[in-house]
Amino acid sequence: MTVSTEGMKVNWGSRTLRACVELLSSMRFAISLLTLICIASVIGTVLKQQEPLVNYVNQFGPFWAQLFSLASLNTVYSAWWFLLILAFLVISTSLCIARNTPKILADYSQLKEDVREQSLKAFGHRAQAALAEAPETAARRIGQTLVESGWKVKLQQRRAGWMVAAKKGSANKLGYIAAHSAIVLICIGGLLDGDMIVRAQMLLNGKSVYTGGGLVADVPVQHRLSERNPTFRANLLVSEGTQSSTALLTQPGGVLLQELPFAVELKKFIVEYYSTGMPKLFASDIIIHDKATGEKTEARVEVNHPASYKGVEIYQSSFDDGGSSVTLKAVPMAAATKPFEIQGTIGGSSSLSRGQGAGADQLTLEYTALRVINVENFAGSANAGPGGATDVRKVDLHKAIETRLGAANKTTTQKELRNVGPSITYKLRDASGQAREFQNYMLPVKMDDNADSPAMFLMGVRDSTAASFQYLRVPADPESSMDTFVRLRAALADPAQREQAVKRYARLVLSPGRPELTAQLVDSASRALALFAGDGAPAGKDKPVAGLQAISDFMEANVPEAERNRAGEVFVRLLNGVLYELTAMTREQAGLKPLPADEKTQAFMAQMVLSLSDAPHYPAPMVFELKDFKQVQASVFQVARAPGKTIVYLGCAFLILGVFGMLYIRERRVWVWLAPQVSSSGAAGDAALPALALDSAGHSQATMALSSNRKTMDGDQEFEMLKTKLLQAHQ
């Protein structure tokens with residue numbers, strides 16, 4: 001006996017195919033895919049997308065940053081697995097539509113008039129009544145009444161009577177088709193407008209991501225996409241007075257260059273601000289230059305009001321610096337640094353040398369950003385540490401050192417907004433590639449409403465973009481400059497000038513003829529000034545301790561705790577007096593008027609002591625002060641060719657109609673069975689033997705039933721209304 005396996009293979013393959021189709025078109029599979037899409041969308045919302053890898057390293061650490069990169073969680077919406085989920089959702093929903101649409105369309109036109117009359121008694125909504133009219137007459141009356149109420153009606157004559165079948169709300173089933181079709185259309189539109197086509201070009205046409213730098217014109221052709229690319233969404237940066245026809249398409253690890261069929265010239269960029277400093281209007285007046293015809297088209301692009309040309313939408317995305325020129329003055333923060341001026345362009349860099357000779361350290365000055373408007377909140381800043389005129393004799397030295405290099409302004413619940421003028425942001429990068437970022441304000445900032453408090457030059461620094469700026473505050477002198485601070489730092493580093501200032505102070509506070517007191521005062525004042533300048537640190541230290549920290553350490557090491565407060569007050573009083581004399585000496589040497597002996601000078605000197613104490617902690621040999629600038633603005637446009645947009649809009653319309661149809665349209669069916677009424681009559685003279693006969697008067701017996709796809713209170717009310725209109729009115 002021979003057994004053939006061909007039929008078994010065919011049957012097994014057919015069963016497997018049917019099982020796969022059944023799974024793909026099942027509701028549980030589609031719901032699983034939607035769940036995955038929701039989870040991915042949550043990740044894409046919570047985790048910032050398309051950030052540089054170093055940002056994830058700074059925020060989450062190297063392990064999680066690497067995990068995000070491997071799983072494409074930093075580019076969720078263009079990840080291969082997300083596109084695959086969308087593709088499976090399209091397939092699943094399409095199979096579901098294909099499987100159920102024929103049944104829905106067939107049911108759409110059927111009124112089910114063949115229903116058995118006995119089955120009507122099983123419906124939840126049912127009623128019976130005797131009608132004073134013949135079955136045919138009642139059937140036609142009931143049918144006409146239902147037609148006038150918007151029902152689709154069909155009459156069927158049977159041997160035993162008439163069946164009236166009616167249906168209303170058939171659009172409910174069409175809503176099912178529309179809603180499911182909407183999912184397919186939206187997913188297809190998303191796939192078309194996503195990275196799928198770009199990735200296909202990279203795979204099939206040999207395109208690759210560009211990871212280098214340099215001029216756009218020098219980028220090889222394998223990193224460029226044709227202007228005939230059917231779909232893209234890229235960014236275009238255009239400075240005022242220039243034009244560009246190459247947009248950047250951000251990809252993981254680099255960019256692709258997207259050629260446009262036209263060039264965009266920016267005539268003028270317009271930005272308006274709210275009182276909070278937030279922009280309220282971005283607008284760009286542009287000229288579109290057609291590459292093929294040379295035609296020029298003027299347009300205005302605003303947020304939510306894009307321009308369109310040859311199927312490419314031009315959106316106003318943001319704005320940036322377009323290469324502003326700045327002039328910076330180097331303010332020395334180290335003894336070996338000399339003041340100088342340097343000019344640069346935002347986005348560019350300059351090479352600097354720290355020191356002299358072959359062993360000089362090389363630094364790179366990178367001009368990062370120029371902000372012309374800076375609106376800050378100054379509510380409650382009167383108590384923000386160095387912003388107020390605090391007597392240094394009452395300062396807790398440790399606390400002062402820990403909090404002095406703090407935020408430029410404290411966050412409060414109240415708001416007092418002020419524009420503090422332009423600021424420059426730059427980076428200083430050493431030979432090893434390590435960099436710190438700095439932010440300096442051009443104008444001195446008044447930190448509170450106290451008339452005696454000096455305005456402050458704010459000089460911020462941070463080690464990474466993930467950190468907040470920490471600000472060194474330097475009081476502005478009567479000439480509204482930092483020159484007094486610079487001269488005083490230089491004099492503080494000169495032992496000869498310190499000695500001269502101490503002698504001047506001794507002559508001022510002591511009367512002549514008391515040499516022993518003068519010697520003690522000179523010795524104490526010289527020690528205090530030397531400690532403050534950093535010359536009194538213990539031997540062997542690589543970096544001497546200076547400022548208030550040095551005085552605090554000296555007190556802890558040499559003065560008993562019981563006498564520490566009194567000794568500290570004496571040292572700080574001596575320090576204030578000697579520094580005032582040193583300031584007077586430097587101003588005399590510069591040919592300037594001495595500071596008046598008033599409350600403003602006291603507040604100025606109190607802040608100067610704190611600034612001089614903080615200065616050794618500043619992590620750069622110089623501060624670059626913004627002296628002049630010429631602003632050039634740039635617009636950042638998003639240029640998009642989105643063939644899937646129309647498909648998505650169509651899908652949204654289908655979704656609205658489908659949801660409305662399924663939720664707000666109820667499918668209802670009504671059946672009314674009309675049969676001749678049966679009467680009972682006894683034979684003459686024999687009442688015990690009844691006989692059944694049709695009523696010759698034309699009466700009929702009606703059985704009515706209503707079904708609905710959803711059980712609601714409206715269904716109950718509608719049934720009662722139909723029962724009254726169709727049955728009870730003609731009993």
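Student: Where does Gln 497 lie?

Tutor: Gln 497 is part of helix α11, which covers residues 495-509. Keep in mind that this is a predicted model.

Student: Is Gln 497 buried or exposed, and why?

Tutor: Gln 497 counts as buried because its relative accessibility is 18%, and buried means under 20%.

Student: What does its side chain make a polar contact with?

Tutor: The side chain of Gln 497 makes a polar contact with the side chain of Gln 589, at 3.2 Å.

Student: Which residues is Gln 497 in contact with, leaving aside neighbours within four places in sequence?

Tutor: Those are Ala 491, Leu 582, Met 585 and Gln 589.

Student: New topic. In what order do the five strands of the open sheet stand?

Tutor: The order is β1-β27-β24-β3-β2, with antiparallel pairing.

Student: Which strands stand at the edges?

Tutor: β1 (125-131) and β2 (152-158) do. Each has a single partner strand, so one side of each has no neighbour in the sheet.

Student: By how much are neighbouring strands turned against each other?

Tutor: On average by 15°, direction ignored.

Student: How many bridges join β1 to β27?

Tutor: Seven bridges join them, and the two strands run antiparallel. β27 spans residues 700-708. In one of these strands, β27, Ser 700 is the bridge partner of Leu 131.

Student: Which helix packs on the sheet?

Tutor: Helix α6, residues 135-148, does. Helix α6 touches β1, β2, β3 (161-168), β24 (668-676) and β27. The direction of α6 makes about 5° with that of β3.

Conventions
Residues numbered from 1 in each chain as written. Predicted model: local features only at pLDDT ≥ 70, side-chain atom pairs only at ≥ 80, totals over all residues. Heavy atoms only, no water. Helix = DSSP H or I, 4+ residues; strand = E, 2+ residues; numbered from the N terminus. Buried < 20%, exposed > 50% of the residue type's maximum accessible area, 1.4 Å probe, protein only. Polar contact = N/O pair within 3.5 Å; in protein donor to acceptor, adjacent residues only side chain to side chain. Contact = heavy atoms within 4.5 Å. Pairing = 2+ DSSP bridges. Axes fitted to C-alpha atoms, helices over the stretch in contact; angles between N-to-C directions.
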